[in-house]
Structures are given as structure tokens and as C-alpha cells.
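Opening the notebook on this one. I'll jot down what I looked up, in the order I got to it.

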Amino acid sequence: MVDTLGPGVPHLASALKQTFPQTEFTIYNYGVGGTNIDYGLQRLTSDYLYLDTPVQALVNRMPDIVVVESFGYNPYSFDEGALDKHWLTLAKIVDTLKSRIPNVKIVIAATIAPDSSTFGDGGAGLAFGPEDKRKQVANIKKYLKSTVGFAQSQKLPLADAYHPSLIAPAKYINGGDHIHPSDEGKQLFAQKITEAIISNRLLE
């Protein structure tokens, strides 16, 4: 979901520029398509290749702010204990960031909600029946809600695009694959990150 926001995350860059015109931001998109939270944890401290491009470990860039998205659209392949493991891995990500970059500010983010009526329609190599769509979407929503709960329980800044997008999910979903964010979805996500930065005074 983050990978498809594009290099430099232009919607976020635009929102930040409008809100903080005197501040220069450098934004790195560390999203990797089709991977789960375990690989996200690994990439914090390990260099890797993505689309044949070398990428250095995130902690080596010494970022000021790190946005950690839910990984809810690539959930674990098992059910029993999955949400607990996801929660604990989010905690490991936070602990790793804090230990390796002591002054880092962390924002936990929950991306846009999926839509069970259209999920995956038009996506390459995807063909979900109505019941499969319902199950996939219900599972993704569990991870998104759990991520929101994690941020709240740990008193971490939260960028919650999930709950606002529930009102009219189709508006925020790409019409080509009915999974990833549309331009409006990207704008909503960027808006929620910007609001989290403001409300938690992360630039002070």
C-alpha cells in the first residue's frame, strides 16, 4: 500500500509543503509490494534489493520521523495467533527504531479500508468470488483495527485513514485493481500523516 504511493510520496510531500512552507522535507518510500510485517522488521536493519535497486537499511538513514503502516493488506497466512504476532512485531519495530535512532519520532499508520463488494476486481492474477472477497476484507480490517489499537495502547502518534474511509470506501480505492489507494485515498493518507505530525508536535 505504501509502495504504490510513489517515490518521494508526492501527495505527502505536497501536504507537508502546504502546512510547513518553511521546512524542507526529504521523504523516502520504504514500501515493498507483496511483503508482510516480518520483512518490514528485517528491512529496518538490513540492506536489500527492490526491483533490482539496492536500498540501504532504514536505520542507517537516521530519519527524524518514521511512519510505520499496518501491513494489514499482506497478513499472515495463518489465523490462530496471527493478530498477537502482528501486534508483537509492531512492538519490535518500535523498539528497534527507538534503540537504533534514539531521537526518532514514530507515527503508526492505518491505511484506507478495503471494500468487500469489489475487492481485487481487475487486479493482475486475482479472481475472488463473493465469499473470498468477504473473508479477505474481514481479515484485513482486523489487522487495520488492531494497528489502531496498538498505537492507542502505546500512546504513539496515529495516522488513521482507515476509519474515515469506511464511510465511502470506493472513493478512496483505485478503480483499476480495487485494492490500492486512488488519488483521493493517497490524499487522505497524506492528510492523516500531516495531522499526526501537527497534533503531536513532531517538528518541535
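Predicted model: local features only at pLDDT ≥ 70, side-chain atom pairs only at ≥ 80, totals over all residues.

Started with burial: 44% of the 204 residues of the protein chain count as buried (under 20% relative accessible area; exposed is over 50%, partly exposed in between; 1.4 Å probe, protein chains only). Residues are numbered from 1 along each chain as its sequence is written, and side-chain values use heavy atoms, with hydrogens and water left out.

Then the fold. I find 7 helices and 5 strands in the protein chain (DSSP runs, numbered from the N terminus: H or I of at least four residues for helices, E of at least two for strands). The radius of gyration is 16 Å, close to the 17 Å from the globule rule for 204 residues, so the protein chain is as compact as a globular protein of that length (C-alpha atoms; the rule is 2.2 Å times the number of residues to the power 0.38). The C-alpha trace spans about 50 × 40 × 35 Å along its principal axes.

Contacts (heavy atoms within 4.5 Å): among those with a separation of 6 or more, 70% join residues 24 or more positions apart.

Last, one residue. Gly6 sits in the segment before α1 (10-19). Is Gly6 buried or exposed? Gly6 is buried, at 15% relative accessible area. Its C-alpha is 10.0 Å from that of Tyr30, 24 residues away in sequence.
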